[in-house]
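I opened my notebook for a friendly look through this one. Here is the structure I had on the screen.

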Amino acid sequence: MEIRGALLLRKRQVLILFVLLGLSQARPESVPYSVAEETEIGSLVANLARDLGLGVEELSSREARVVFDDNEKHLHLDLLTGDLLINDKLDREELCGSTEPCVMHFQMVLENPLQFFQAELHIKDINDHSPTFLDNEIVIKISESATIGTTFLMESAQDLDVGSNSLQNYTVSPNSHFYIKIQDSDDGKIYPELVLHRALDHEEEPELILTLVALDGGNPPRSGTTLVLIKVLDINDNAPEFPQRLYEVQILENAPVGSWIITVSAKDLDAGNYGKILYTFFHASEDIRKTFEINPISGEVHLRSQLDFEVVQSYTINIQATDGGGLSEECTLLVKVIDTNDNPPEVIISSITKIIPENAAETLVALFSVRDQDAGENGRIICSIQDDLPFFLKPTFKNFFTLVSDKALDREERAEYNITITVTDMGTPRLKTEHNITVLVADVNDNAPAFTQTSYTLWVRENNSPALHIGTVSATDTDAGANAQVTYSLLPPPDPHLPLASLVSINPDNGHLFALTSLDYEALRAFEFRVGAADRGSPALSSQALVRVLVADANDNAPFVLYPLQNASAPCTELVPRAAEPGYLVTKVVAVDGDAGQNAWLSYQLLKATEPGLFGVWAHNGEVRTARLLSERDAPKQRLVVLVKDNGEPPLSASVTLHVLLVDGFSQPYLPPPEAEAAAAAPADPLTVYLVVALASVSSLFLFSVLVFVAARLCRRGGAGSAGRCPVPEGHFPGHLVDVSGTGTLSQSYQYEVCLTGGTGTNEFKFLKPFIPNLPVQDTGRHIGEHENFRNSFGLKLQ
């Protein structure tokens, strides 16, 4: 009985094969194969490759496999030979029960492209079961008044085999009272009836013991026996009677064990012991006896074990009522099992791809089927996934679905997807099953490295040490793995004359930039180049960024004196008349500084003098002037040492020596010292000659401008007093000193206005403020203050 229950359970199982949408070929006809049950494992059923017209290599390359509807591996397909072999011993009775023919459907599935073939396996029955009686002893009570020819029903034997191997005949042990009569039922089974051949006599023989033999039709035949105990009773002339021959009842499959189902009742008109009725199941299978029970006295039928609609939908139970005299009557009880939604849907994964490339569109992720063992609305299924995912479900064949990506994915946007397949039935209450699939997105090199800045500006102080780290460029790649590993390199500069390889280098791993040599601001103030960042993908992607290197100036150049020259030739001697008033311009020290900015701002100071307090040096322009009136006591030869200092940190300086000769007038001959004569005999340095010529030209131009300006003023003032004087245009007469821009020495352009007063006998020069001042206002004021301390022989006054 347990085997038959398992068979019924297996007959309810359904396995649905996955087939892709766009199935190329499908054979609707089924290829039949047959095999006898209990055939040894490994036995050949057929050559499937030859039957389907396929090559053996094609079976292996297309991953051929055999799938049965019950998802069991009954057969094995040898991919090397194409043979279809027995994989386990097939028991027809276990697989099909009493169903004949016993046919198991299976499919052969081929991939690339996906294709399936329908086939049937017919399992032939062998005579491997003997007829058996459920009861070891059958008790029959027969009244002694029974007439000859009266028949008595007996329990039939059970034979699990079918066809000719099933139960075919009954015999009874030889006796003088009874013989066996075979009756055919509507379901094709035979039942034995005991026929009275000779009248019974209770007083002569109260009991008879016979042997009932059941025979099947196998070769050789098998048999089973049971004892028949016949009790001869006194006369009982009324049999029990049921009010109806058929009882129908419905019960939910989830009804608890012990539930009352129905009460059957029969009546017997006899009195006493002949009127007492016992109720029993008649011709009941083992499954019925395990599931139901009947009270022999009250006729109440109760549930003995749990029902399952998916296994058995209805039961037909024969109930026999027997009185105390041995007379009996039968009725039929039809129990219909009502389905409840007690089975959640199932998800069966056939194939799955857990890693898909990010640039592939409509990629197959999973192939699966769904099923629900319930019936009706309880077995109707809805399949879905989350709405916010770039995936969708495609129904394919029967209850098969494919999970496909909706578009090309982007790993940089999302690298992992958790997909929940939700399967819900339509029963009450609704049951659902969820199956989670994690899909990883494989990276593709689709993103080039990106610099954090399009251009970088780096400052480097000159005179740096070689291999100095001057800055870092950085690029990131949103890809992963080797596709995100960035390598940096220097690109050829746009200027082919720029020796970039000897100036800087870059670390290919981290983008650190290094100065290879010591930079000189005075030689190279700035340069620019491009760096590249490439990943290690295939193909590699790259990007560029501009790097501009600015060299910061350092105070590494001391001031250089242009005038007066300090060389091996004769020193320059300045002539000063003794009649010069305070503020008389003796000479001007001209110096330059190769640095820039405040490192090139120069200041002048008198370091040493033969007569302290006789001369003064203006700090910002290097002009040497007399500080007081000259006297006869002053030595005719004066030696001045002027210090020129820049504004760097630390400051650098240079000194120059001036020789001043005090004379009574410019007409006094100047006698150079003997060493000067010797130096004059030597050939002059070309640079010295150029400087002397330039200074002489500037001085001549300046004196000429002053004289013309003075003459113009005199003529203008004279024209105002008398008509005989030459008229002079009104306004300022501009005259400019030489401007050496960028040297840090002559930093201003001056415009002077010289006025000669008439009538007082005193002439005055009037120095105005600079026309276009370059120095700060406070310096200009200071200079004006200095000018006010000086007068010349013409009565010059600085205003």
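Is Glu-58 buried, partly exposed or exposed? I looked it up, keeping in mind that this is a predicted model. Glu-58 has 29% relative accessibility, so it counts as partly exposed.

**Entry: the partner of Glu-58.** I found the side chain of Glu-58 in a salt bridge with that of Arg-62, at 2.7 Å from N to O. Arg-62 comes out at 9% relative accessibility, and because buried means under 20%, I noted Arg-62 as buried.

**Entry: other salt bridges.** I noted a total of 16 salt bridges for the structure. A reminder to myself: side chains of opposite charge can pair when their charged atoms come close.

I then went to Arg-578, which forms a salt bridge with Asp-664, with 3.6 Å between the closest N and O atoms. Arg-578 sits in the loop between strand E40 (573–577) and strand E41 (585–588), and Asp-664 in the loop between strand E47 (653–663) and helix H7 (674–681), so this pair ties together parts that are 86 residues apart in sequence. At 15% relative accessibility Arg-578 counts as buried, while Asp-664, at 57%, counts as exposed.

Next I checked Arg-625 and Glu-623, whose side chains meet in a salt bridge at 2.9 Å, N to O. Both of these residues are buried. I also wrote down a network in which salt bridges with shared partners join Asp-135, Glu-155 and Arg-289.

**Entry: the nonpolar cores.** Which residues have the most contacts inside the largest nonpolar core? I listed Phe-242, Phe-292, Val-301, Tyr-315, Ile-317, Ile-319 and Leu-333, in a core of 30 residues. Among the elements that give two or more residues to this core are strand E15 (246–252), strand E17 (277–282), strand E20 (314–323) and strand E21 (328–338).

Leaving aside residues up to four places away in sequence, Ile-319 touches Phe-242, Val-264, Thr-280, Phe-281, Ile-294, Val-301, Glu-329, Glu-330, Cys-331 and Leu-333. There is also a second, separate core of 28 residues, and it includes Val-35, Leu-59, Ile-86 and Leu-110.

Entry: Val-693 lies in helix H8 (residues 686–721). Its relative accessibility is 48%, so I put Val-693 down as partly exposed.

How values were computed
Residues are numbered from 1 along each chain as its sequence is written. This is a predicted model: local features need pLDDT of at least 70, side-chain atom pairs count only at pLDDT 80 or more; totals for chains, interfaces and linings use all residues. Side-chain values use heavy atoms; hydrogens and water are left out. A nonpolar core is a set of buried Ala, Val, Leu, Ile, Met, Phe, Trp, Tyr and Cys residues joined through side-chain atoms within 4.5 Å. Buried means under 20% relative accessible area, exposed over 50%, partly exposed in between (1.4 Å probe, protein chains only). Helices (H or I, at least four residues) and strands (E, at least two) are DSSP runs, numbered from the N terminus. Contact means heavy atoms within 4.5 Å. A salt bridge is a side-chain nitrogen of Lys or Arg within 4 Å of a carboxyl oxygen of Asp or Glu.
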